[in-house]
Amino acid sequence: MLTAVTVWIVSGLLLWRTEVPHLHLADLDARAYFGARELERIADYRRVTRLLLVASLALQAGVLALFVWKRAALADALGDVLHGRVPTGVAVGALVAAGLWLALLPLGGIGHWWQRRYGLSTQGYGGWARDQAVSLGIQVVLVAAAVALFMGLAVWLGRFWWLAGGPALALVAALYVLAQPLVIEPLFNRFEPLPDHALAARIEALAHEEGVKIESVEVADASRRTTAANAYVTGIGPTRHVVLFDTLLGGRFTDRQILSISAHELAHVGRRHLWKGLGWFALLALPCVFAVARTTERWGGLTEPGVVPLGLAVAFALILVTTPFSNVVSRRYEAEADWIALRTTDDPEAFVQVERKLVISGLGDPAPPAWIFWWTGTHPSALKRIAMANAYAYEPRPADAAGP
């Protein structure tokens, strides 16, 4: 146990390291960068989205509690149709996933209506319903696969199945990340090469400067769903490419601003944030799977199909508990990507304008309340990112330090 704890701590310290220097970031006033009407509109929009978030968490907890209460009857009913503990448990897990999806569907519909009202969504209700159906299929498959994996290990290894369950979960997460650009993303968007070849060449030059190899720069037809702007890098090796939302193009963002966004996304690859994130997931997987194993063991163990809803409820609770920590890690890596982007482009003015436009296009809160930032803040706030750009702008350069 002592060896395991030591390895965990050392691994965490290594994963925590970044290249961001110690910076004194000023406390900025949002009114210096956003108009009063813009801030008022953002506040009105976010007031409802936060209520929907709290309602969705409470609803999920209530639905899971209902399934835990009725777990024995549900398992018996499905067991009369299916033969074998594992198939029955998989069916129970799939039914729980479908029940959660169905319970959250009305809230999702309200959220979609709210986005359309504020001009954030361009998607009709038919397209939205289609996306929800695809999401249901993905969720059911993932939950069924996880239940089959854990129940199979529990039947095979007994009460110590969690020793293999943690590494197995980390492996499945890695496989999902690798498959996402090939399987999941094409279900929601279409991609085509960036028609501006000169801009694509400049993005590829940025990638080379950051030590990242990319195969192409592509555009996703995100405007079919949203007016918000974004970009990301997806894939590994021969499948790696930069993806720009088409909401960045057409004069909405300048070339300098698109290069700033691209440099940030490329920095995630250059600093191996994806693999570091999987490393953190692996470190958390074993204790979390152990908690699921020990909790379900008191009710007969995960070899029993009727215990599956309880296992899923414990997993949901663990996600809530670990989310603030994972957000802290995410914000640290996002700050590193910001710093490397600033260093690579040497264009803090474009960086600040990007933050302004991202906030306005996505109706993001530039300085969210502490409680919502704690639970949902995967990125530093827009004001903190602007403060970093300002700090970089006044950082002494080697040429400046040398004097005339």
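Start by selecting leucine 363, which sits just after helix 11 and takes a positive phi of about 50°. Keep in mind as you go that this is a predicted model.

**Stop 1: helix 11.** Now step back and select residues 348-362, the span of helix 11. Its 15 residues reach 21 Å from the first C-alpha to the last, close to the 21 Å expected at 1.5 Å a residue. Colour the buried positions next: Pro348, Ala350, Phe351, Val352, Val354, Glu355, Val359, Ser361 and Gly362. What covers these buried residues of helix 11? Show helix 2 (36-69), helix 8, helix 10 (308-345) and helix 13 (382-393), which are included in the cover.

**Stop 2: glutamine 257.** Pick this residue in helix 8. Is glutamine 257 buried or exposed? Its relative accessibility is 7%, and buried means under 20%, so glutamine 257 counts as buried. Leaving aside neighbours within four places in sequence, display its contacts: Ala350, Gln353, Val354 and Lys357. Two of these names, Ala350 and Val354, you have already coloured as buried residues of helix 11.

Stop 3: Switch to a cartoon view and find the four strands, which form an open sheet in the order 1-2-4-3 with mixed pairing. Strand 1 (191-193) and strand 3 (231-234) stand at the edges; each has a single partner strand, so one side of each is left without a neighbour in the sheet. Neighbouring strands here are turned by 30° against each other on average, direction ignored.

Walk across the sheet in that order:

- Strand 1 and strand 2 pair in the antiparallel sense over three bridges. Select proline 193 and its bridge partner in strand 2, glutamate 218.
- Strand 2 (residues 216-220) is mostly covered, with four of its five residues buried. Five bridges join strand 2 to strand 4, and these two run parallel. For an example, select valine 217, which stands opposite valine 242 in strand 4.
- Strand 4 (residues 241-245) is joined to strand 3 by four bridges, and this pair runs antiparallel. Here tyrosine 232 has valine 243 of strand 4 as its bridge partner.

Next, bring back helix 8 (residues 255-270), which packs on the sheet and touches strand 3 and strand 4. The direction of helix 8 makes about 35° with that of strand 3.

**Stop 4: helix 10 against helix 13.** Show both helices; they pack at an angle of about 35°, with their axes 10 Å apart. Which hand does the crossing of helix 10 and helix 13 have? The crossing is right-handed. To see the contact, show side chains on Glu334, Ala335, Asp338, Trp339, Leu342 and Arg343 of helix 10, along with Arg385, Met388, Ala389 and Tyr392 of helix 13.

**Stop 5: the cores.** Finish with the largest nonpolar core, which has 26 residues. Select Leu64, Val96, Trp161 and Leu302, the members with the most contacts inside this core. Helix 2, helix 4 (85-117), helix 5 (125-157), helix 6 (162-184), helix 9 (273-297) and helix 10 each supply at least two of the core's residues. Zoom in on valine 96: not counting residues up to four places away in sequence, valine 96 touches Leu64, Phe67, Pro309 and Leu312.

Definitions and conventions:
Residues are numbered from 1 along each chain as its sequence is written. This is a predicted model: local features need pLDDT of at least 70, side-chain atom pairs count only at pLDDT 80 or more; totals for chains, interfaces and linings use all residues. Side-chain values use heavy atoms; hydrogens and water are left out. Two strands pair if DSSP finds at least two bridges between them. Axes are lines fitted to C-alpha atoms, for helices over the stretch in contact, and angles run from 0 to 180 degrees between N-to-C directions. Contact means heavy atoms within 4.5 Å. The expected span of a helix is 1.5 Å times one less than its number of residues. Buried means under 20% relative accessible area, exposed over 50%, partly exposed in between (1.4 Å probe, protein chains only). A nonpolar core is a set of buried Ala, Val, Leu, Ile, Met, Phe, Trp, Tyr and Cys residues joined through side-chain atoms within 4.5 Å. A crossing is left-handed if the near helix is turned anticlockwise from the far one by less than a right angle, and right-handed if clockwise.
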